[in-house]
Amino acid sequence: MTDRLTIRRPDDWHVHLRDGAMLAHVAKYTAAQFARAIIMPNLSPPVTTAEEGAAYRDRIRAATPGMDFTPLIVAYLTDASDPDQMARGHGEGVFTAAKLYPAHATTGSAHGVTDIAKIMPVLERMAEIGMPLLIHGEVTDHDVDIFDREAVFIERTLKGLVRDLPTLKIVFEHITTSEAVDFVMSAPANVAATITPQHLHINRNAMLVGGIRPHAYCLPVAKREQHRLAVRAAAVSGSPKFFLGTDSAPHAVHTKEAACGCAGIFNAPYALESYVAVFDEEDALDRFEGFASEHGPNFYGLPLNGGTITLERGETVVPERCGEVVPFHAGETLGWRLV
Ligand code: NCD
Ligand code: ZN
């Protein structure tokens, strides 16, 4: 039995660090676990210009003083996004990627894209310059059941996009269904996916059995057990198409425990301990380094990190609260700890 695991320093390819007081509170958790992180741009207002991106990067650096952590900034796509400005932001090294939020799909997506046809010139330019497109893959049509929105997005939007722009690098973010796993597996090498810890650990029962549990609610919402198992199999498969992206999304406790609670799970403080427990349960500890530290940079075309971290078997007691935010696994004890 492996009791200690030393791996190359990992990265988080999808995290929400927010801004202001929340940024000051949460950034250090991510910086303590990861060398780099893809920082989601759904602030209010969203990060759309290179100037805003550079200023946000500076605020993140200020919130992680003395820590060896590199924030990778992402542009938020809107109907008004401009190909030249996008290319300039990428060329200047501010924007690592751009994020597509279908309008009103999730928290902070009100300024998102209403019709993908409107941003085709931007996506064509991104394909030319090798700038990855990160996608929140859910339709927003009111007639589509919330548990079906990811699978329907594949049929209505993603298949056509991959066909029409065959060289565009696409990350299908936070996949939650067997349909998404199958799609990514059978797509060409320019299509990959991130996987969160919560979608490896919980199915929709965690949210709804024995009372409604707002801290298990995020978007895309957790699905049936068969989907959790498919996502788990993908994560531990060793396929370079799947990599770590926590989607850590902090919301103050009173905004989650409310009549209309916010979507988002805050998993940053113990993300690695949470993921490694899954790889251990699946007898796949030897594949954790690929998922956490190699597949992501290889897909983005970025160098692997130097240095290592070590995880060892042992108790990690997750507190009920981290400040005003309830963490994922609150009150539980995880079987691994970060040395
Ligand atoms: C995210 C947030 O709160 O910003 N919420 C979530 O449930 N994942 C937005 C998102 O990534 O969908
Ligand atoms: Zn997210």
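Helices, which are runs of at least four residues, and strands, which are runs of at least two, are DSSP runs, numbered from the N terminus. Keep that in mind, everyone, and let's start with a residue placed by those labels. His329 is found in the loop between strand E10, residues 308-317, and strand E11, residues 333-338. Before I go on, please remember that what we have on screen is a predicted model.

So, what is the phi of His329? The value is near 70°, which is positive, and this residue is something other than glycine. To see the background here: most residues other than glycine have a negative phi. Is His329 buried or exposed? Its relative accessible area is 6%, and the cut-off for buried is under 20%, so His329 counts as buried.

Now let's turn to Arg18. Here, too, phi is positive, at about 60°, although Arg18 is not a glycine. You can find Arg18 in the loop between E2 and helix H1, and that helix covers residues 20-33. With a relative accessibility of 13%, Arg18 is counted as buried.

Arg18 also takes us to the ligand. Which residues come nearest to ligand 1? Of the 15 residues around it, the nearest are Arg18, Asn42, Thr106, Leu219 and Asp247. If we sort the shell around ligand 1 by class, we get 4 nonpolar, 9 polar and 2 charged residues. And where does the ligand sit? The space taken by ligand 1 is the largest cavity.

Let's zoom in on some oxygen atoms of the ligand. In the side chain of Asn42, an N or O atom is 2.8 Å from an oxygen atom of ligand 1. For His251, an N or O atom of the side chain is likewise 2.8 Å from an oxygen atom of ligand 1. How much of ligand 1 does the protein bury? Taken alone, the ligand exposes 310 Å², and the protein buries 100% of that.

Next, the peptide bonds. As a rule, most peptide bonds are trans. Here are two cis ones to look for. Pro220 lies in the loop between helix H8, residues 205-208, and H9. The other cis peptide bond joins Ser44 and Pro45, and there omega is about 0°. Pro45 is in the loop between strand E3, residues 36-39, and helix H2, residues 50-63.

Arg232 is buried, with a relative accessible area of 5%. How far apart are Arg232 and His201? In sequence they are 31 residues apart, and in space their C-alpha atoms are 8.5 Å apart.

My last stop is Asp11, in the loop between strand E1, residues 4-8, and strand E2, residues 12-15. Asp11 has a relative accessible area of 0%, so it is buried. What does its side chain touch? One polar contact, at 2.8 Å, goes to the side chain of Arg36. Another, at 2.7 Å, goes to the side chain of Asn305.

Technical notes
Residues numbered from 1 in each chain as written. Chains lettered and ligands numbered in written order. Predicted model: local features only at pLDDT ≥ 70, side-chain atom pairs only at ≥ 80, totals over all residues. Heavy atoms only, no water. Near = heavy atom within 4 Å. Polar contact = N/O pair within 3.5 Å; in protein donor to acceptor, adjacent residues only side chain to side chain. Areas by Shrake-Rupley, 256 points an atom, 1.4 Å probe, with all protein chains shown as cover. 1 Å grid on protein atoms, 1.4 Å probe; cavity = no way out; pocket = protein on both sides within 12 Å on 5 of 7 lines; lining within 4 Å. Sits in = over half its atoms within 2 Å of the grid points. Nonpolar A, V, L, I, M, F, W, Y, C, P; charged D, E, K, R; others polar. Buried < 20%, exposed > 50% of the residue type's maximum accessible area, 1.4 Å probe, protein only.
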